[in-house]
Amino acid sequence: MKVINITRFIVPFLLVTLLSTTFFLVKAQDVAELVLDVSGNAVRRGVNYYILPADRGNGGGLQVASIRNRTNLLVVSQNADESVIGVNFQFSPVDPKENTVRLSIDMNVKFTSMVISDSSTVWRINTELIPERYLVTIGGVEGNPGRETLGNWFNIDKYEDAYKLVYCPVVCEICRPFCGEIGILEENGKRVLFVGRDPPLKVTFHKV
């Protein structure tokens with residue numbers, strides 16, 4: 001009678017099962033956490049939101065403004081009046097198949113309740129208005145991730161009991177962009193968003 005060594009079959013099976021389980025757990029851990037609005041729902045692509053400061057008495061919502069008596073480039077600014085909720089936004093994650101916004105994932109940000117002639121309303125980083133200052137302006141390009149659009153990508157991270165906006169794109173593997181948290185710079189009486197302020201502007205997201 002021939003004796004079959006079942007160890008030959010069990011060990012490989014257990015090994016494959018273990019590797020499969022490990023791979024599943026690693027993949028699960030790799031999925032970034034969802035960004036939530038103030039109602040506890042996931043922030044989604046193509047849905048309008050207001051971006052408002054998390055702390056009362058820290059100004060109102062976001063809008064556009066001109067500085068130094070120029071009508072362009074238009075900067076992204078914060079209204080000083082906390083009763084003003086600002087302008088609607090939409091977020092577009094870098095992965096066109098991703099319909100939710102997740103922490104630390106590149107995305108485009110754009111105003112959606114306004115039209116500006118000769119300019120898109122997509123956020124971008126610009127150093128032309130104030131040298132060595134990374135101001136957030138409009139006029140960016142939506143999508144097309146790479147070196148040419150490096151200044152158009154932002155992400156969201158947790159900050160204390162709310163969130164912060166960050167500029168540190170990874171859409172170009174060979175690029176080494178300047179990275180920083182987005183805060184407020186006082187310029188000619190305007191509260192302008194720029195990269196590098198500590199502490200950053202603490203924000204929440206409100207579905208329109």
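**Pocket, cores and salt bridges in a predicted model**

Strands β1 (49–53) and β12 (202–207) each supply at least two residues of the lining of the largest pocket. Helices (H or I, at least four residues) and strands (E, at least two) are DSSP runs, numbered from the N terminus. The model is predicted, so local features need pLDDT of at least 70 and side-chain atom pairs count only at pLDDT 80 or more, while totals for chains, interfaces and linings use all residues. Residues are numbered from 1 along each chain as its sequence is written, and side-chain values use heavy atoms, with hydrogens and water left out.

The largest pocket holds about 240 Å³ of space. A pocket is an open set of points on a 1 Å grid over the protein atoms alone, where a 1.4 Å probe fits, with protein on both sides within 12 Å along at least five of seven lines; lining residues have an atom within 4 Å of a point. Its volume is the space filled by probe spheres set on the points, which are joined across faces, edges and corners. The lining has 17 residues, and Leu52, Pro53, Asp55, Arg56 and Glu82 are the closest to the pocket centre. Strand β12 gives the most to this lining, with three residues. By class, five lining residues are nonpolar, seven are polar and five are charged. Here Ala, Val, Leu, Ile, Met, Phe, Trp, Tyr, Cys and Pro count as nonpolar, Asp, Glu, Lys and Arg as charged, and the others, Gly among them, as polar.

The largest nonpolar core has 38 residues. Such a core is a set of buried Ala, Val, Leu, Ile, Met, Phe, Trp, Tyr and Cys residues joined through side-chain atoms within 4.5 Å. Buried means under 20% relative accessible area, exposed over 50%, and partly exposed in between (1.4 Å probe, protein chains only). Phe91, Trp123, Ile156 and Phe205 have the most contacts inside the core. Among the elements that give it two or more residues are β1, β4 (89–93) and β12. Contact means heavy atoms within 4.5 Å. Leaving aside neighbours within four places in sequence, Phe91 is in contact with residues including Tyr49, Ile51, Val109 and Phe205.

A second, separate core has nine residues, including Val75, Leu129, Leu135 and Val192. Leu129 is found in the loop between β6 (124–126) and β7 (134–137). At 6% relative accessibility, Leu129 is buried. The C-alpha atoms of Leu129 and Ile67 are separated by 8.5 Å, although the two residues are 62 residues apart along the chain. Strand β7 also holds Thr137, which is buried at 0% relative accessibility. Not counting residues up to four places away, Thr137 touches Val75 and Trp123, among others.

Nine salt bridges occur in the structure. In a salt bridge, a side-chain nitrogen of Lys or Arg lies within 4 Å of a carboxyl oxygen of Asp or Glu. Lys158 pairs with Glu33, with the closest N and O atoms 2.8 Å apart. This pair links distant parts of the chain, 125 residues apart: Lys158 is in strand β8 (155–159), and Glu33 is in the loop between α1 (7–30) and β1. Lys158 is partly exposed at 46%, and Glu33 is partly exposed at 43%. Glu186 and Arg191 meet at 3.1 Å, and Arg191 is buried at 17%. Asp55, Glu160, Asp161 and Lys202 are linked in a network of salt bridges.
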